[in-house]
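Student: I would like to learn how to read the features of a model such as this one, going from the overall layout to a sheet and then to a helix. Could we take them in that order?

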Amino acid sequence: ADAEGWVVSMTPSGAWVPAVIAGKTGIGLSQRMQSFVLDRRENPFNVVEPGKRPRVTLTPTLALKDGKPFLAFAVQGGDTQDQNLLQFFLDIVDFGFDVQEAAEAANFTTYQMASSFGDHARRPGRLTLDPRTPDWVRDDLRKLGYSLDFAERNSGPINAILFDRAHGTMRGGSSNHGDDYGIGW
């Protein structure tokens, strides 16, 4: 984001080599295509065919409030990206966290959807939780039938800028889940 109000959100992922350019189109093809499904029986909602937009995991996000940028945020992490960003966003707008608190907050990962990698497997009922998750939450989830495992880094690195219109400032946040950081001047 800059002083003139230009804002961008990007996810630095999915463009690694070996990549090829599709003919003379300028469209780069990389390993990210492993997310695509070619057999309609495997997943009719994500099959590559005319008129469809296959699911990929890149989700750079810009949230607006009153038509102006409110929050620019992104995360790396394959299939966890959408989940992590939604949890981050809700921590700010519903639970009142500041941008840094939300970036560092405990989160969870579900495996209900077909994986966009490898075998495209689904693992319904499995959750990965942050070890800071309280015992009573763990107990309640197990009573509901969930299989739990735990990981301290249950998210890729979340980076964000919150635009505080009331004070005319920008507030940055970066999780401790990677080598990412924010710079302001």
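Tutor: The chain has three helices and nine strands, where helices (H or I, at least four residues) and strands (E, at least two) are DSSP runs numbered from the N terminus. This is a predicted model, in which local features need pLDDT of at least 70 and side-chain atom pairs count only at pLDDT 80 or more, while totals for chains, interfaces and linings use all residues. Residues are numbered from 1 along each chain as its sequence is written, and side-chain values use heavy atoms, with hydrogens and water left out.

Student: In what order do the elements run from the N terminus, and what percentage of the residues is buried?

Tutor: The order is β-β-β-β-α-α-β-β-α-β-β-β. Of the 185 residues in the chain, 34% are buried, meaning under 20% relative accessible area with a 1.4 Å probe and protein chains only.

Student: How should I read a sheet, and which strands form the open one here?

Tutor: Strands of a sheet pair through backbone hydrogen bonds, either parallel or antiparallel. Here three strands form an open sheet with mixed pairing, in the order E5-E6-E7, two strands being counted as paired if DSSP finds at least two bridges between them. Strand E5 (108-110) and E7 stand at the edges with a single partner strand each, so one side of each is left without a neighbour in the sheet. From one strand to the next, the twist averages 25 degrees.

Student: How many bridges join E6 to E7, and through which helix does the chain cross between them?

Tutor: Strand E6 (residues 126-129) and strand E7 (residues 147-150) run parallel and are joined by four bridges; Thr128 has Asp149 as its bridge partner in E7, and Leu129 has Phe150. From E6 the chain crosses to E7 through helix H3 (residues 135-143) in a right-handed β-α-β crossover, that is, clockwise from the first strand over the helix to the second with the strands pointing away from the viewer.

Student: What is the general idea for a helix, and which residues of H1 are buried?

Tutor: An α-helix has 3.6 residues a turn, so residues three or four places apart point the same way. In H1 (residues 81-93), the buried residues are Gln81, Gln83, Asn84, Leu85, Gln87, Phe88, Asp91 and Ile92. Their cover includes strand E3 (61-65), strand E4 (68-75), helix H2 (99-104), E5 and strand E8 (158-164), with contact meaning heavy atoms within 4.5 Å.

Key. Buried means under 20% relative accessible area, exposed over 50%, partly exposed in between (1.4 Å probe, protein chains only). Axes are lines fitted to C-alpha atoms, for helices over the stretch in contact, and angles run from 0 to 180 degrees between N-to-C directions. The expected span of a helix is 1.5 Å times one less than its number of residues.
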